[in-house]
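Work through the exercises below with the model in view. Try each task before you read its solution.

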Amino acid sequence: MACVKLGSKSDAFQRQGQAWFCTTGLPSDIVVEVGEMSFHLHKFPLLSRSGVMEKLIAEASEEAEEGCVVKLPDIPGGAKTFELVAKFCYGVKLELAASNVVYLRCAAESLEMAEDYGEGNLIAQTEAFINQVVLRNWKDSLKALQTCDDILPYAEDLNVTKWCIESLATKASTDPNLFGWPMREHGGPMQSPGGSLLWNGISTGARPKNSSLDWWYEDVSTLSFPLYKRLISVMETRGIKQEIIAGSITFYAKKYLPGLNRRQASSESSSRLGPVSLGTPPSEEEQKALLEEFDRLLPVQKGLVPTKFLFGLLRTAMILRANPSCISNLEKRIGMQLDQATLEDLLMPNFSNTMETLYNVDCVQRILGHFLAMDQVTGGASPCSIDDGQLIGSPSLTPITMVAKLIDGYLAEVAPDVNLKPPKFQELAAAVPEYARPLDDGLYRAIDIFLKSHPWLAESDREQLCRLMDCQKLSVEACTHAAQNERLPLRIVVQVLFFEQLQLRTSIAGCFLVSDNLDGSRQLRSGFAGSNEGGWASAVRENQVLKVGMDNMRMRVSELEKECSNMRQEIEKLGRVKGTSSSSAWGSVSKKFGFKLKSQMCSAQEGSVSNQHQWQGKVEKLKERHGKNKKTSSKNE
């Protein structure tokens, strides 16, 4: 650390308990009391350097006949600083350093140690050291600013705090590789003024590796929050990028809010940017105040602050019971970038006293609402449709599709909670726009888990939940599972089977279209290359394979038609039991299922009906389930 020597006399001060004595051979004629420490000194060296001491000594000499006692209760830096001031007055060699120069500068100003009381007085010496040494070095500027905290009013009056902050802000906004000043206070190799690495104080000539833009994060995190806040404000005026500012605030918050590091301790490896361990963590009230300050200090632009960090702040705010406006602001920030969140982020425990549900579903719903509102403002919520299996709609469909998938996954995670009521589950699931889900497989999975965890639900509640999904947007695998799912209501199973049949018919129609196109293109090719015998033989084989596939599909359609006919007969029998005509029963079922049979059917007379008995068995099972549901509903009534 840089320092200078002042004076030429040897150290003649000795301490005995709570008293300092100057052993110069002459008896002491004045006692200066600073706090609990007393200094037995001589009048002349003090009054010759300090205007304040000159006045106080004169006043004390007039009032007291025996012994002169002067009290200095408010000297900046206390007894330790006055010890250095007294030594300076006696001409003792004095070391100035970044750790004491601010105390000495403020004490010198308080004691009026200007040039009027001797050339090269303490004010001039300390101010020159600050300007020529401290402010030119990152490490010394930081250390000097840290000492300003103890005597902030004095340092503010002398602009020392301002000088140190501006020095740090300027250096943080400049590439340190251009100047080679030491960049970190804690750890890391030291550098010479020329920028080369030092070994035992000797320059090695080796240049350090290029530093990243976040090299100053750890150093400034040692500042108190008021000084850190002022430094960040000045850095913003210096043009430092907002994402770098946000990174520094994130680092600072992780250091002083222990709750932010609990969930990341196992997932993140230790690195230079890891939070520094604290001897004594802040109290809950201090953490609460800091958290609310971070909310006001963080940039509001989307994507500058990591979503995981924002969720950590929100979780901590709920634990500390921060101001509701702070919690609301954090939810809005997260809502702006919900598409960047993970399922683990959303799984926030419910910290309320009521503990209605295991997870805070209401908070997730509010965050989703903020995202949808923002998406609508930016034009992302325009209608879209499904055409030939592809989504057509807004340009920001990808983020909202990601959010829809995220919410479906969250619903599946919270569904096993027996305290989660169907209306709350349904409200969150319905909040996602229909166009945001290309497929409803995730929603179907969540509904199935919810029905499995809530077996006591009435048939009407089950049907209400199942109306959330669109059977036409289920994949083949999901349709196969739903057709055999005993937890689903009967009409939902029938609807799934019906749309599965329509999908097969559409696929067959597409195959015919492809076959016609292939035949036309092959005929055209044969006109140009009639001599290509090998190509023609290959085309014939491909056509045969395609026809075999279409024949198999015709057989499948035939089986589904027979199954649908059998199910219609069973439903008509059930309707006649209740005194309802078959035609009206089937018409009502069709309306409830929400589909209309199309008259244009593909020809399937050649197909085999060997699997008819298997489908009749499935219908029998559906009939038995329907009877059980009737008994269950009658018991509930």
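**Exercise 1. Find the bridge partner of E33 in β5.**

Solution. Step 1: locate the strands. Strands (E, at least two residues) and helices (H or I, at least four) are DSSP runs, numbered from the N terminus. Strand β4 covers residues 30–34, and strand β5 covers residues 37–41. Step 2: read off the partner. E33 is bridged to S38 in β5. The model is predicted, so local features need pLDDT of at least 70 and side-chain atom pairs count only at pLDDT 80 or more, while totals for chains, interfaces and linings use all residues. Residues are numbered from 1 along each chain as its sequence is written, and side-chain values use heavy atoms, with hydrogens and water left out.

**Exercise 2. Work out how β4 and β5 pair, and which other strands join them.**

Solution. Step 1: apply the rule. Two strands pair if DSSP finds at least two bridges between them. Step 2: take β4 with β5. They run antiparallel, with 5 bridges. V32 faces F39 in β5. The hairpin has 2 residues between its strands, and G35 there takes a positive phi near 65 degrees. Step 3: look at the other partner of each strand given here. β4 pairs in the parallel sense with strand β6 (residues 69–71) over 3 bridges. There, E33 stands opposite K71. β5 pairs in the parallel sense with strand β3 (residues 19–22), also over 3 bridges. S38 in β5 is the bridge partner of A19.

**Exercise 3. Decide how covered β4 and β5 are.**

Solution. Buried means under 20% relative accessible area, exposed over 50%, and partly exposed in between (1.4 Å probe, protein chains only). Step 2: count. In β4, 4 of the 5 residues are buried, so the strand is mostly covered. In β5, 4 of the 5 residues are buried, so the rest of the structure largely encloses it.

**Exercise 4. Classify the ring pairs F39–F82 and F225–F294.**

Solution. Step 1: know what to look at. A pair of aromatic rings is described by the distance of the centres and the angle of the planes. Rings of Phe, Tyr and Trp (its six-membered ring) pair if their centres lie within 6.5 Å; planes under 30 degrees apart are stacked, over 60 edge-to-face, and the rest tilted. The structure holds 11 aromatic pairs. Step 2: take F39 and F82. Their centres are 5.0 Å apart and their planes at 70 degrees, so the pair is edge-to-face. F39 lies in strand β5 and F82 in helix α3 (residues 78–89), so the pair ties together parts 43 residues apart in sequence. F39 is buried at 0% relative accessibility, and F82 is buried at 1%. Step 3: take F225 and F294. Their centres are 5.5 Å apart and their planes at 80 degrees, so this pair is edge-to-face. F225 lies in helix α10 (residues 225–237) and F294 in helix α12 (residues 284–297), so the pair ties together parts 69 residues apart in sequence. Step 4: widen the view. Ring pairs link F225, Y228, Y252, Y256 and F294 into a cluster.

**Exercise 5. Describe how helix α11 is enclosed.**

Solution. Step 1: count. In α11, 12 of the 15 residues are buried, so the rest of the structure largely encloses it. Among the buried residues are Y252 and Y256. Step 2: find the neighbours. The buried residues pack against α9 (217–220), α10, α12 and α13 (307–320); contact means heavy atoms within 4.5 Å.
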